[in-house]
Amino acid sequence: RRERDAGSPGCPPAYLAAVLEAESAVRPRMKSGFLALSKPLTNGHAAPAHDTHLIHQWLEAIKDGYGDRFAAAFGEVGVEDRGDLAELSTDDSAFAILEQALQDKGARAVQLQKIRRALEAEAAAASS
């Protein structure tokens, strides 16, 4: 696999710099390329990295169709449960990585804002 440099076609330097900065801030919490879980799943077994059923349901609660459109983006960055969701709202660099994955799935500014608000509500509920 060939590494791309910042000036490669299809990889704008500003985008690359933002991703590298966000990744370096998240790296201490990363494990094999995915965000580390804060706690194990209830059945005691780790879910596959792209098991998005719980996230799908959460997204559908925000707006019908969001689960089908955006759950895979959460799986790609390693978000697997509600605890992971709550952590995202308090970590801007981790949210930046998720935001890029959502944009890759076609998310627009208003949709990103709705998801961000729902993440903030999730964090508030988790802390109370």
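This is a predicted model: local features need pLDDT of at least 70, side-chain atom pairs count only at pLDDT 80 or more; totals for chains, interfaces and linings use all residues.
Visitor: In what order do the elements of the protein chain run from the N terminus on?
Guide: The protein chain holds six helices and two strands. Read from the N terminus, the order of these elements is α-β-β-α-α-α-α-α.

Visitor: Are helices α3 and α5 parallel, antiparallel, perpendicular or oblique to each other?
Guide: The axes of α3, residues 66-76, and α5, residues 92-104, come within 9 Å and cross at roughly 140°, and α3 passes α5 in a right-handed crossing. An angle counts as roughly antiparallel over 145 degrees and as roughly perpendicular from 65 to 115. The two helices are therefore oblique.

Visitor: How many residues of the contact of α3 with α5 are nonpolar, polar and charged?
Guide: On the α3 side the contact is formed by Phe70, Ala73, Phe74 and Glu76, which meet Leu98, Ala101 and Leu102 of α5. Sorted by class, these residues of the contact come to six nonpolar, no polar and one charged.

Visitor: Which residue caps the N-terminal end of α4?
Guide: Helix α4 spans residues 82-90, and its buried residues are Gly83, Asp84, Leu85, Ala86, Leu88 and Ser89. At the N-terminal end of α4, a side-chain oxygen lies 3.2 Å from the backbone nitrogen of Gly83, and the residue that supplies this oxygen as the cap is Asp81.

Visitor: Of contacts between residues at least 6 apart in sequence, what percentage join residues at least 24 apart?
Guide: The protein chain has 128 residues, of which 37% count as buried. Among its contacts between residues at least 6 apart in sequence, the share that joins residues at least 24 apart is 65%.

Definitions and conventions
Residues are numbered from 1 along each chain as its sequence is written. Side-chain values use heavy atoms; hydrogens and water are left out. Axes are lines fitted to C-alpha atoms, for helices over the stretch in contact, and angles run from 0 to 180 degrees between N-to-C directions. Helices (H or I, at least four residues) and strands (E, at least two) are DSSP runs, numbered from the N terminus. Angles under 35 degrees count as roughly parallel, over 145 as roughly antiparallel, 65 to 115 as roughly perpendicular and the rest as oblique. A crossing is left-handed if the near helix is turned anticlockwise from the far one by less than a right angle, and right-handed if clockwise. Contact means heavy atoms within 4.5 Å. Ala, Val, Leu, Ile, Met, Phe, Trp, Tyr, Cys and Pro count as nonpolar, Asp, Glu, Lys and Arg as charged, and the others, Gly among them, as polar. Buried means under 20% relative accessible area, exposed over 50%, partly exposed in between (1.4 Å probe, protein chains only). A polar contact is a pair of N or O atoms within 3.5 Å; within protein, one must be able to donate a hydrogen and the other to accept it, and residues adjacent in sequence count only if both atoms are side-chain atoms.
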